[in-house]
Every structure is written in C-alpha cells, then in structure tokens.
Amino acid sequence: MKYRPSRRTRRFGIGAAAITVLAGMNGPALHRFSSDKYHAYKINQPEYKAENGHWDVVDVPEQYRINTIHAALLHTGKVLLVAGSGNNAKNFAAKSFRSVLWDPEKNTFTNIPTPKDLFCSGHSQLPDGKLLVAGGTQRYEKLKGDVEKAGGLMFVHNEDPDKPKTLPAGTRFTGKESGKTFVSKDPLLVPRATKKTNPKTKKVTVSASTARVYVEALRKGRKYQTGTEDNYRIAGLKGKDRQNFYGIAQKLSFDKKDFQGIKQAYEFDPVAERYIPVDPMNEARWYPTLTGLQDGKVLAVSGLDEIGQVVPGKNEIYDPKTKKWKYLPKKRFFPTYPSLFLTGKGRIFYTGSNAGYGPDDKGRTPGIWDLKSNRFDVVPGISDPDALETSMSVLLPPAQDQRYMVLGGGGVGEDAKSTAKTRIADLRADKPRFKNGPELYAKARYPSSVILPDDTVLTTNGSGDYRGRGDTNVLKAELYTPKTNTARPVADPLVGRNYHSGALLLPDGRVMTFGSDSLFGDKANTKPGEFQQQIDLYTPPYLFRDSRPKLTDTAPRTVKPGVKTTYRTAHASAITRMRLIRPGSFTHVTNVEQRSIALDFTRTKDGVTVTLPKDASLVPPGWYMLNAVDDQGTPSKAVWVKVPAPAPPKK
C-alpha cells in the first residue's frame, strides 16, 4: 500500500545542506529544527513502534477526497465513507452529495452515487451485511442574521375522513387576516381525518388530521412577516377541498432556522456497491441514532424532524425482512445522537453520551431502557453529568463483562466546558452505578475510541473546546486496558481531529481515523477552519512483534450461535484467546455497533474449535471479524464470520 509520509517524516528527510544553512540562524530556530528532526527519528525506531505504535497517512487521490462525516466497515473489508453535502451549504444547494468506497488492503477508491443528502444520518449493520442508512439533511441551518425571508411552521388540517391529500412543494398559503402569502418548501402528505361512531348513539364524530410543513414568504423584507396566529387558505384547491383543507400558523418571522431532517432510508449493498431505497421512516430525522437489536431489527431514536425540532420521543423499529418501519407504542425522549447500546435481556443502555441538540434538562440521565415496558431505570453516579455532550461511549471488551465506559465530553451546545473524566458502569452489578476510571490524556470533547482484538481500547484526539475553538485540538492517544483499569500514552496522532471525526478498526488490526471540522484555525478565532480530509492509519504495538498467528481458513462462513466450528492455524498451542468483533459504524462521537465477544474454544492438533454464545443480545445477527490472539497479545488478521438471525419464537 502507498502512503504519504507525515510532515514529521518529511522534515526528517531534509538533507545536510539544510542543516548547514540553519547553522547561521539563531539558536531557537536551530533548536526547533533539531527537536523536530530528533522526534521524527525517535518515532521511526523499531523499539519505539513496538512500545507505542506508529501513524501513517493514507494516499488518497484528489478526486476521492471528501469531507468524511460517517464511516462504516463492511464485510467485504471495504470502508464506506459518507460525506453527503459534507457540512457545506454550497454542496447542498448544488445537490452535490458524495460517498466513497475505500479498500484499505489495495488502497483503491470508488465514487458511489449518493441519492440524498445523507449528511448527519444514522446507520447500523444489518444481519445480511448491508448497511442501513436513514435520515439526513432537508435544510441547512440559518442564523437569525442570515434569514432573508420570513418563515416558520404551518399546521395543515384536513377535515375530510374519506381521503388524504398530497400538497406539492411550492403550495401557497394566504392569511385570511393578514393577506400575506407564504409558500411551502417541501411536499406534504395530509392524512385523512379520523371518524369515530358512538356504538350507543350511532353519532359520528370527525376529528381533523394535522400535518406540518415549513413555509417562507414569497419576497424578502421585514414587512412580509406576521406576528399573530392566522388561518390560511390553500391555493389550487377546488370544490369541498377548499373547506376541508386549511392552514394555521403562529408567528412567521426572521428567527433562527434549525437544520431539518429527512425520512428517507437506504440499504447500502456492499456487494453491488450501491444504495437501495427502502420504505421511509415515519419521522424525519437529522442526527438520529440507529441501534441493532437481538432479532436483527433496528431501533431509530431522536434527531431533528422536518421542521427542525427534536423528535418528541417518537421512536421506531425497522424490520429488514419487510423493509418497513413501525412506531414503538410508547414515547421516550432523548437528545440527538444518543449512545444507545444493546445489552443483556434485550434491553438498551443509554450511557448519557449524545451530540448536539436537545434541552439541557431532559433526556440526559443515563439508564437502562426496557423497550417492551418503556421502563427506564436510572444508573446513577456519573461524574461531570453536565459534560456528557460530545463524550465517547464504548462497551469494554470482552462484551460478556457488560462494562461501559464514557470518555471525556463537554457542556451542552457551544459551552466551553470539557472534561478528562472517564466513567465506568458495570451492568452485572446488583445495583449498577458509575465509577470513575483513569483520567483521559486531556480534557476533551469528541475523543474517538476503538476496541482492539487484544482487549485494549485505543482512544485518540478530541479538542478542549467546542469544535476545536481557540486552537484546542488534542494531539494525543492512549491505550486503556480494562483488566487492570489502566491507561498509557502511545504515539501522538499526526493531525487534530474534533467535530465530524471518527475511527474504525480494520480487519488487519490497524485503526483508521478520519475527519475534523474545526470552527477556526487559530487561537484568536479569526481564521476560518478547514475540514480535515486526511485519513490516517494507526498501527498498534502488537503489529511490530516478530510473529503473528494466522487463521488459514479465510473463506467467509456462517456460524450459528451455540454451534462448534473449527479453524486451522499453525502453532495452535500459542493461541490464548479468540475474539469475535462486530465491525464499527462511526459518526459524531457515536459508534454503538462495535463490540468484542470472548469465544469459548479448544485447541486441536492443527487448529482451534470455537463456540459462539447463544445469547442474541450479546451477539446480534450480522457479520463479524474473528481473531485468534496469541500468548503475546498479538492478533491474527480477521476472518469474516456471519452470525444468522435467530429463528422466531414458536407460537
């Protein structure tokens, strides 16, 4: 594979002629040069790499460089990089939406046609290996000073119980009192009214249905805004529709307009390498979390809806067999991108981590959520509870231990507060409670954590302030060992990464890091930031050892829970652990997919026989990476394994 050398490495390559020139400079300049040169020398020594690992820059051709917002590892070994509009309003206006498929083994890239703006969508691995991608951007945020046309929310009512109606984008609404006209920005389906008959009196009651749509004034200027509630006639209607369909709106003004979400959903097929549309969600969602469940279905939670408000606790389930969505019967509110993990007994653990939107006093308390009863049991004791936004959460390895770590984080919104706290909750305890772990390398929002096959967790980067404000990017990384509850520093990352960044474990045992979307590029906050398109690869210390175990049966296979299967390997006697790792799907400090499951195994003369756990809430259906780990902690390259969905219960 080809890599572009880091800046530090390039500095080290400067020849003796440059040193001669520098000899005439002042002492500090020469000292800085010597220090950089020595650092580049040190980090490239075998002893240093064996202790701290090493970073390289991926050589990405210009035509494939995008603002990577989302990344997911697929069972083909390739990584889907998704930008959508890439947090670029010009791209959004031009309908320029990007996805790129990267093959880390060959370092090849493919542009993937992207049907909608999947910027700030949610995603989850499906049992058949496809990636469910749902939600995204319908409208970009407009700050109060940037709003040029009065606008806001129009409630559209239908009093006809016999038919729904779709109003196209561009439908005009004219106020009966104000006489001012507003136009809808998107198509709107207005359901039929509901009709109920009293069984005793036989009296029929009709209740009007309601739908919502964002509208704007036809022209720019303050005189076109409204200040009070008004009823609105809908243009283009005929006959009884003129009476049955009407709009009601409160103030339509120049207030700040938030991002808006979309309902569209797609399955990305790793084999066909294309997006396949499926039924849209019931709710539009921007910044949602998608969590895979033990039966292969997917839970979709939170997000901003089609009018820019946080979805008010209306959560839904996707069934990959029918390609349809269904509401949960009861509501539960969460802020956007909540970290929701599938736990034992099929319940959901909310760690408190989230990213972006929602009130500071609602839906932010960690706890265990039972989807069937809607019961929510609070898990107390978390430190810095007001600094959970933009924190990272991870299910510590092995997954059987049911221990969850929350790392770093900051205050709600653009609050400058950040924390170096790590907090650990053991869900196997009689009364689960958070306790502090070792401090992170720095106070950090947006740290990225990745589970490694040797049962350690790599955490890297982040920033001390909101979106790296004040030049606060953290160029540090560490390895945490759950067994000893200790962390140690490793090789420093090459570039800063904060908002819109992330990291994934690759099948060969390395870690990729991507993205970063700083607000500013200097300490004074005067220079606009630029999106970090560089992709880096971290090679952990375990790949700088003399030998490495190898599983020789590399063909993907289906392995049922509870069933034994054998893999050949030389020196089977050196194998001490077998790990089944779910591929990650990362965005906005959120990766609830990754988990590492310890497998029971026995050694044979020329291999190992493994048995997968039967608990589908521990091993949800889908594709996994199988790693053999030797007595030195060195993992093999992964072999892909498909775990089928459990059979439905007998009625």
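**Notes on the predicted model**

1. Asp-319 is buried, since its relative accessible area is 18% and buried means under 20% relative accessible area, with exposed being over 50% and partly exposed in between (1.4 Å probe, protein chains only). The residue belongs to strand β25, which covers residues 316–319; helices (H or I, at least four residues) and strands (E, at least two) are DSSP runs, numbered from the N terminus.

2. This is a predicted model, in which local features need pLDDT of at least 70 and side-chain atom pairs count only at pLDDT 80 or more, whereas totals for chains, interfaces and linings use all residues. Residues are numbered from 1 along each chain as its sequence is written, and side-chain values use heavy atoms, with hydrogens and water left out.

3. As for the surroundings of Asp-319, its contacts (heavy atoms within 4.5 Å) are with Lys-297 and Lys-324, once neighbours within four places in sequence are set aside. A polar atom of the Asp-319 side chain lies 2.9 Å from the backbone nitrogen of Lys-321.

4. The C-alpha trace spans about 85 × 75 × 45 Å along its principal axes, and buried residues make up 56% of the 651 residues. Of the contacts with a separation of 6 or more, 62% are between residues 24 or more positions apart.

5. Thr-587 sits in the loop between β45 (585–586) and β46 (596–598), and it is buried, with a relative accessible area of 3%. Its side chain makes a polar contact of 2.7 Å with the side chain of His-588; a polar contact is a pair of N or O atoms within 3.5 Å, where within protein one must be able to donate a hydrogen and the other to accept it, and residues adjacent in sequence count only if both atoms are side-chain atoms. Not counting residues up to four places away in sequence, Thr-587 touches Ile-69, His-70, Ser-121, His-123 and Tyr-337.

6. Ala-249, in strand β19 (residues 245–249), is buried, with a relative accessible area of 0%. Leaving out residues up to four places away in sequence, the residues that Ala-249 touches include Leu-153, Met-154 and Tyr-232. Ala-249 and Tyr-232 are 17 residues apart in sequence and 7.7 Å apart in space, C-alpha to C-alpha.

7. Some backbone geometry deserves a check. Most residues other than glycine have a negative phi, and most peptide bonds are trans. Pro-397 and Pro-398 are joined by a cis peptide bond with omega of about -10°, and Pro-398 lies in the loop between β31 (392–395) and β32 (403–407). Glu-273 has a positive phi, near 60°, and is partly exposed, with a relative accessible area of 21%. Lys-345 has a positive phi of about 65° and is exposed, with a relative accessible area of 75%.
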